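Student: I have a structure to read. Can you take me through it feature by feature?

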Amino acid sequence: MRRAAAAALLAGACLLVPPTAASAAERGPVGWASTNGGTTGGAGGSTRTVHTRAELKDALANDGDPTAPKVIRVVGDINGPEADDGSLLGEQDYAPGYDLGTYMSCFGPDGTTWSDTRYDYCKQQRQLRQSGSTKEKAQIQLTVPSNTTLVGVGDDARLLGVFLTVNTGTNIVVRNVHLEAPVDHFTSWSPDDGAQGNWNARFDAMTVITGKNIWVDHCTFTDGRYPDREAPLGFHGEHVQRHDGLLDIEDGSDFITVSDSRFDDHDKALLIGSGDGRGERDRGHLKVTFVRNLFTDIVQRGPRVRFGQVHVVNNVYRGRAADTLYALGAGLESAIYSERNVFAYPQGEPSLAVANYGGEHFRDTGSWFNGRPARLDAVASGLGLTAEVGWDPADAYAYRPLTSASAVEHYVLRHAGAADPVRGNLPDDHP
């Protein structure tokens, strides 16, 4: 079914912009999450309201029946590092005696080679870093099971330092929640990663592993109170990186929509597919739609894609050109279909919008860069990418994008992120 035929299905179908003042709870997802039977989360199941990490963990377990339909309402702040007695755990609670500067000294002054025998404390520091990381993960990770809706109540529902994961779960909705990415107290230095080495943090704000039919809607993802620019200095005078991704989708995950959400002030925001060597798991999967999201001051990965058929439509990207590497990254065997996105990088060039990381295919239709047609197909062609991506979103689901840059910006800037009231009618130029 081509685009013209798909238009006939729009009556009664999910549109990119709600045609009435219906609340988000009354809408279903547009995009890939609407396929494969659709995504309803815990609709029709029991409802519980949670205020603490312990209550949320218990609600996810659902009295020993975790996959039964359920709606979990989050009120206020839930802290991943919160112990059962209410105290907040930190580095020394996980690994007494660990010290970042002491750990770094075991690589030598140039940070090139680790040695257990460089100093008499090096072996101990290595072991403390490893055990501390394991304990921190056990504390902050909360896994969302199948047939669950996790929804924030009001405008101040926050998951602070929670490592939220989906692991083989299906039919899951996460909505109206602020997710502040965890601080990895035990981030590791890899001297052979890149030209000068890199820090590799372990925890994302949210990770989807082998998940299917997932809808992330009206959420805000950010480093929040702990941006990496305020982290201690590491090797080569660079700040230690204590965060990994904001949202990573990996290992054969499929039929996912991320809509009306914000991604703010972060380096590596979104990763689709975990590695070039994971084709046996990811090939033919990783079907993801990003629609009406706002990306502000994101350095890279908005998203970076391997293998997947990814539709990126009506999103807004804003930032400083000097601080941006790229927005859309085409990786191995990826097929990105970009459509009517707005890129605003003052003093920047359209080359900031797309980068090639071993890919072959990238298509763009009608996007804008600094108020002018972006002509990203020409940019992509110069990077060795062909516009023949091998698929068309209109063949998979019915949708109708906003068609002007002003309409896209107006809607996204008003509505993206947690606590949006989701009100208002269609912009004037919406067909």
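Tutor: Start with a term. Contact means heavy atoms within 4.5 Å. Keep in mind that this is a predicted model.

Student: What covers the buried residues of α8?
Tutor: The cover includes the strands β20 (294–300), β23 (316–318), β26 (342–344) and β29 (368–369).

Student: Which residues of α8 are buried?
Tutor: Buried means under 20% relative accessible area. In α8, residues 405–415, that applies to Ala-405, Ala-407, Val-408, Tyr-411, Val-412 and His-415. Viewed down the helix axis, these buried residues fall within an arc of 165°, so they line one face of α8. Just after the helix, Gly-417 has a positive phi of about 105°.

Student: How many disulfides does the structure hold?
Tutor: The general idea comes first. A disulfide is a covalent bond between the sulfur atoms of two cysteines. This structure holds one. Cys-106 is joined to Cys-122, with an S to S distance of 2.1 Å. The pair links distant parts of the chain, 16 residues apart: Cys-106 sits in the loop between α4 (100–105) and α5 (122–140), and Cys-122 in helix α5.

Student: Why is the disulfide of Cys-106 and Cys-122 called left-handed?
Tutor: The torsion about its S-S bond is about -95°, so the disulfide is left-handed.

Student: Is Cys-106 buried or exposed?
Tutor: Cys-106 is buried, at 0% relative accessible area. Cys-122 also counts as buried, at 0%.

Student: What about the largest pocket?
Tutor: The largest pocket holds about 760 Å³ of space. Of its 28 lining residues, Asp-228, Glu-238, Gln-241, Asp-267 and Val-299 are the closest to its centre. β11 (198–200), β17 (262–268) and β20 each give two or more residues to the lining. The lining divides into eight nonpolar, ten polar and ten charged residues.

Note on methods: Residues are numbered from 1 along each chain as its sequence is written. This is a predicted model: local features need pLDDT of at least 70, side-chain atom pairs count only at pLDDT 80 or more; totals for chains, interfaces and linings use all residues. Side-chain values use heavy atoms; hydrogens and water are left out. Buried means under 20% relative accessible area, exposed over 50%, partly exposed in between (1.4 Å probe, protein chains only). Helices (H or I, at least four residues) and strands (E, at least two) are DSSP runs, numbered from the N terminus. The arc is that of the directions from the helix axis to the C-beta atoms. On a 1 Å grid over the protein atoms alone, a cavity is a set of points where a 1.4 Å probe fits but cannot get out, and a pocket is an open set with protein on both sides within 12 Å along at least five of seven lines; lining residues have an atom within 4 Å of a point. Grid points are joined across faces, edges and corners, and a volume is the space filled by probe spheres set on the points. Ala, Val, Leu, Ile, Met, Phe, Trp, Tyr, Cys and Pro count as nonpolar, Asp, Glu, Lys and Arg as charged, and the others, Gly among them, as polar. A disulfide is a pair of cysteine sulfur atoms within 2.5 Å.
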